[in-house]
Amino acid sequence: MKGGTSRTGLGHIVFGVKTENLPFYKDLMAFLGWNTIFAMDEGFGGVNKDGISFWFGNQANDVSNDYDGPGVNHIAINVESQSDVDATVAYLQEHGVSPLFDTPRHRPDFPQGEGQTYYQVMFETPDRILIEVVNIGPKS
């Protein structure tokens with residue numbers, strides 16, 4: 001990797017979550033098309049079609065997450081269509097999760113080019129992890 005010549009990519013992200021919230025994450029990731037690759041009582045791992053994995057497990061400390069403070073603000077999961085974003089909204093509402101920040105909506109303030117859109121829903125998990133489900137592509 002000397003001189004920055006090596007290609008890199010995202011491998012995995014680990015989330016510390018409360019054990020009682022694991023079913024929420026397992027169901028959400030399955031809904032979004034991720035496959036479970038490892039599961040036990042204390043956690044599980046899910047992988048997407050590109051081999052990127054998210055791991056959810058026992059949190060180390062009971063601390064509040066301030067996504068506007070230092071650290072990660074949110075994670076975004078890309079979906080293939082605007083209808084996938086809308087289906088996610090319906091799924092979340094069925095599970096008692098409300099969209100945040102006046103989403104779902106198109107974001108003209110995130111320019112994507114002629115005829116393109118950035119269409120998103122943002123929500124918070126039971127552990128206060130901020131997640132975005134987004135479609136970037138032709139506006140329908």
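Analyst: Let's start with the contacts of Tyr 118, where contact means heavy atoms within 4.5 Å. Leaving aside its neighbours within four places in sequence, Tyr 118 touches Arg 105, His 106, Arg 107, Phe 110, Gln 112, Glu 132, Val 134, Asn 135 and Ile 136. Before going on, please note that this is a predicted model, in which local features need pLDDT of at least 70 and side-chain atom pairs count only at pLDDT 80 or more, while totals for chains, interfaces and linings use all residues. Residues are numbered from 1 along each chain as its sequence is written, and side-chain values use heavy atoms, with hydrogens and water left out.

Where does Tyr 118 lie? Its place is strand 7, residues 116-124. Helices (H or I, at least four residues) and strands (E, at least two) are DSSP runs, numbered from the N terminus. Tyr 118 counts as buried because its relative accessible area is 13%. Here buried means under 20% relative accessible area, exposed over 50%, and partly exposed in between (1.4 Å probe, protein chains only).

One of the residues that Tyr 118 touches is Glu 132, and a polar contact of 2.8 Å joins their side chains. A polar contact is a pair of N or O atoms within 3.5 Å; within protein, one must be able to donate a hydrogen and the other to accept it, and residues adjacent in sequence count only if both atoms are side-chain atoms.

Glu 132 leads us to another strand. In strand 8, Glu 132 is the bridge partner of Ala 76. Strand 5 (residues 75-78) and strand 8 (residues 130-138) run parallel and are joined by 4 bridges; two strands pair if DSSP finds at least two bridges between them. In a regular strand the side chains alternate between the two faces of the sheet. In strand 5, Ile 75 and Ile 77 form the covered face, while Ala 76 and Asn 78 form the uncovered one.

The side chain of Arg 107 meets that of Asp 109 in a salt bridge (2.5 Å, N to O). A salt bridge is a side-chain nitrogen of Lys or Arg within 4 Å of a carboxyl oxygen of Asp or Glu. Side chains of opposite charge can pair when their charged atoms come close. Arg 107 is buried because its relative accessibility is 14%, whereas Asp 109, at 46%, is partly exposed.

Glu 124 is partly exposed at 24%, and so is Arg 128 at 33%.

Now look at Gln 82, in helix 2 (residues 82-94). Gln 82 is buried because its relative accessible area is 8%. Its side chain reaches the backbone oxygen of Pro 138 at 2.9 Å.

Finally, let's step back to the whole protein. There are 2 helices and 8 strands, in the order β-α-β-β-β-β-α-β-β-β along the sequence. Of the 140 residues, 36% are buried.
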